[in-house]
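Please look through the model shown here with the explanation that follows beside it.

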Amino acid sequence: MTGYASVQLAMAPEAEGRAGSARRLGLEIRSVNSRFLDLSLRLSDELRAQEPALRALLTQQLKRGKVEVRAFVDTDESAALAEPTPRLLQRLGAVQDAVRSWLPDAAPLTVAEALRLCANAGAPAQDWSVPMLELAQRALDDMVAAREREGERLAAMLQDRLAQLRALARQAAPLVPQLVEQQRQRFMERWREAMQLAEGAAVPEAAQDRALSEATAFAIRIDVAEEITRLQSHLDEIERLLKKGGEVGKRLDFLIQELHREANTLGSKSAAMDLTRISVDMKVLIEQMREQVQNIE
């Protein structure tokens, strides 16, 4: 199922225990349809250590979807720029000279790089574990709410398809007895023609019994009452799961496969155009349901 959420948390320099500009922790999470859970995390260097905890939080609360998470730490450029001390600049120059003595092709430091290194020098490492998980939980809550709204729309669509399938099943049920009776009459007529004696003699009793046996075998072969009963049972179970809610995607996926199997059997037993049409209409509706059910968690 699809969903998107973006949250941010401003952290003042005092909260980080350092002087300098204010910083902002941001997290974006988006999800698109997928039968399985596929996580993709893009974290800034400062947040790499939080990946295992973040991945555990996501896998605990999400079961399906291709989920992409981007987390970053942004510095407020509008804040006052801290001027590096001469001692820091001297140390930075000495380190650069030592590096370039071994790597003469190394590019010299830019002003921006020097300022960034001086700003980070001597500063205590920031522990992002608590704010990161709090922010991730907020984003997850927002995205799950968006997915729930989409799930309600999908459930309404599935309920509509269920109603159409029930209507088709009701149309198919009375067709079978009519077909059986029609075919029995055809068998009797064919046997009378084949076994008719000269000058209109009566059909032997054994021939009539054979015709009735053939008609009975045909009735058994085309009887779809069992398929219609199972199909209605699957429809009832799907409707129950939709009302129940929760993590029902995989169970719905299985039931949709069973619906497709019953519709196929109904079509293979069809001995009339009306039943064939009903079978085709059923498979179209079931395929529409299958495409959407794969997106439900």
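Predicted model: local features only at pLDDT ≥ 70, side-chain atom pairs only at ≥ 80, totals over all residues.

Residues are numbered from 1 along each chain as its sequence is written, and side-chain values use heavy atoms, with hydrogens and water left out.

Helices (DSSP runs of H or I, at least four residues) and strands (E, at least two) are numbered from the N terminus. The axes of helix 2 (residues 51-61) and helix 5 (residues 129-172) come within 10 Å and cross at roughly 25°, where an axis is a line fitted to C-alpha atoms, for helices over the stretch in contact, and angles run from 0 to 180 degrees between N-to-C directions. Helix 2 and helix 5 are therefore roughly parallel to each other. On the helix 2 side the contact (heavy atoms within 4.5 Å) is made by A53, L54, L57, L58 and Q61, and on the helix 5 side by M132, L133, A136, Q137 and L140. Sorted by class, this contact of helix 2 with helix 5 has 8 nonpolar, 2 polar and no charged residues, where Ala, Val, Leu, Ile, Met, Phe, Trp, Tyr, Cys and Pro count as nonpolar, Asp, Glu, Lys and Arg as charged, and the others, Gly among them, as polar.

Helix 5 also packs with helix 10 (residues 273-293), at an angle of about 165° and with the axes 10 Å apart, and these two helices are therefore roughly antiparallel to each other. Among the residues that meet there are L154, M157 and L158 in helix 5 and L275, R277 and I278 in helix 10. By class, the contact of helix 5 with helix 10 has 15 nonpolar, 4 polar and 3 charged residues.

With a relative accessible area of 40%, R30 is partly exposed, a class that lies between buried (under 20%) and exposed (over 50%), using a 1.4 Å probe and protein chains only. Leaving aside neighbours within four places in sequence, R30 is in contact with G3, Y4, K66, V67, E68 and M143. The C-alpha atoms of R30 and L140 are separated by 9.5 Å, although the two residues are 110 residues apart along the chain.

H234, by contrast, has its place in helix 8 (residues 225-244) and counts as buried, at 14% relative accessibility. Not counting residues up to four places away in sequence, H234 touches L255, E258, L259 and E262.

Terms used: Parallel < 35°, antiparallel > 145°, perpendicular 65-115°, else oblique.
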